[in-house]
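Biologist: I have a model open and want to learn how to read it. Where do we begin?

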Amino acid sequence: MALRDVKPTRSELIDIKRKIKLSERGYNILKMKRDGLILEFFKVLKEAKDTRGEMLRKYQHAQEMIALANTVEGTIGVKAAAFSVKENPEITLKSKNIMGVVVPEIEATKVRKNLLERGYGVLGSQSVIDETAEAYEELVEAIIESAEIETTMKRLLDEIDHTKRRVNALEFKVIPELKEAAAFIKMRLDEMEREELFRLKKIKAKAAAKAEAEAAAEAAA
């Protein structure tokens, strides 16, 4: 706010003081929101680390199982078993609210399957195929869980950054400028009041001098 654009009037001073109160109230609310979001972020960050570690562990296990299955059943046998699956996993996206931030909630169905649902049947395949299928089903579940948590973490981080910028703008720009404008108006009003008082004193002194001169003229006559 440029001081040259500020009108030094009492109504303007009242309006600026009102804006200062609103800005300080908004600043306090945003600060509390920022601090709350940071706490939520660190909770989700811990979950993200745990789920990522679990996902990597399950990925490693799935890789070991597919290598073993390829050795035992052969690449063609493994691919035949994979293409036998009739139903793919289904993903349902919902949302939930964390301190005003909309984050995803992912529900997955048809990820885990029994022997019949896997399609390749129990005859003509060894248990290694079942164990490999189960390892990859567990991996898919871990990936979905990790995706939900990491997306939540990213959205919280974006909101923290956005809220932090607003807090800083209020603290270092908006409120100081409003207070500077209020101080400028008060200073100008005080100056104007002193100037008016001085002018009134001069008028009063002139009136008194005129009255004395008129009285002296009447006495001389």
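**Reading the model**

Modeller: Begin with the record. For residues 146-195, the unreviewed UniProt entry lists "coiled-coil region". Keep in mind that this is a predicted model.

Biologist: What share of residues 146-195 is helix, and how far apart are the end C-alpha atoms?

Modeller: The span is 100% helix and 0% strand. Its end C-alpha atoms lie 71 Å apart.

Biologist: What is the volume of the second largest pocket?

Modeller: About 170 Å³. At least two lining residues come from each of α1, β1 (90-98), β2 (101-109) and α3. The most come from α3, which gives 6 residues.

Biologist: Which residues line the second largest pocket?

Modeller: Among them are Val44 and Glu47, then Lys96, Ile98, Ile106 and Ala108. The list also includes Glu141, Ile144, Glu145 and Thr152.

Biologist: Next, single residues. Is Ala62 buried or exposed?

Modeller: Look at relative accessible area. Under 20% counts as buried. Ala62 has 0% relative accessibility, so it counts as buried. Ala62 sits in helix α1.

Biologist: Which residues does Ala62 touch, leaving out those up to four places away in sequence?

Modeller: Ala135, Tyr136 and Leu139. Ala62 and Thr132 are 70 residues apart in sequence, yet their C-alpha atoms are 6.5 Å apart. Tyr136 also belongs to the group closest to the centre of the largest pocket.

Biologist: And Thr51: buried or exposed?

Modeller: Thr51 counts as buried because its relative accessibility is 9%. Thr51 is in helix α1 as well. Beyond residues up to four places away in sequence, Thr51 touches Glu145, Ser146 and Ile149. Glu145 and Ile149 also line the second largest pocket.

Biologist: How many aromatic pairs does the structure hold?

Modeller: It holds 1. To read a pair, check the ring centres, then the angle of the planes. Phe41 and Phe42 have ring centres 5.7 Å apart and planes at 70°, so the pair is edge-to-face.

Biologist: Last one. Where does Pro8 lie?

Modeller: In the segment before α1. Pro8 is partly exposed, with a relative accessible area of 25%.

Biologist: Which residues is Pro8 in contact with, leaving aside neighbours within four places in sequence?

Modeller: Ile185, Arg188, Leu189 and Met192. Pro8 and Ala181 are 173 residues apart in sequence and 9.1 Å apart in space, C-alpha to C-alpha.

Notes. Residues numbered from 1 in each chain as written. Predicted model: local features only at pLDDT ≥ 70, side-chain atom pairs only at ≥ 80, totals over all residues. Heavy atoms only, no water. UniProt positions renumbered as here; feature names shortened; annotations may be inferred. Helix = DSSP H or I, 4+ residues; strand = E, 2+ residues; numbered from the N terminus. 1 Å grid on protein atoms, 1.4 Å probe; cavity = no way out; pocket = protein on both sides within 12 Å on 5 of 7 lines; lining within 4 Å. Points joined across faces, edges and corners; volume = space filled by probe spheres on them. Buried < 20%, exposed > 50% of the residue type's maximum accessible area, 1.4 Å probe, protein only. Contact = heavy atoms within 4.5 Å. Phe/Tyr/Trp six-rings, centres within 6.5 Å; stacked < 30°, edge-to-face > 60°.
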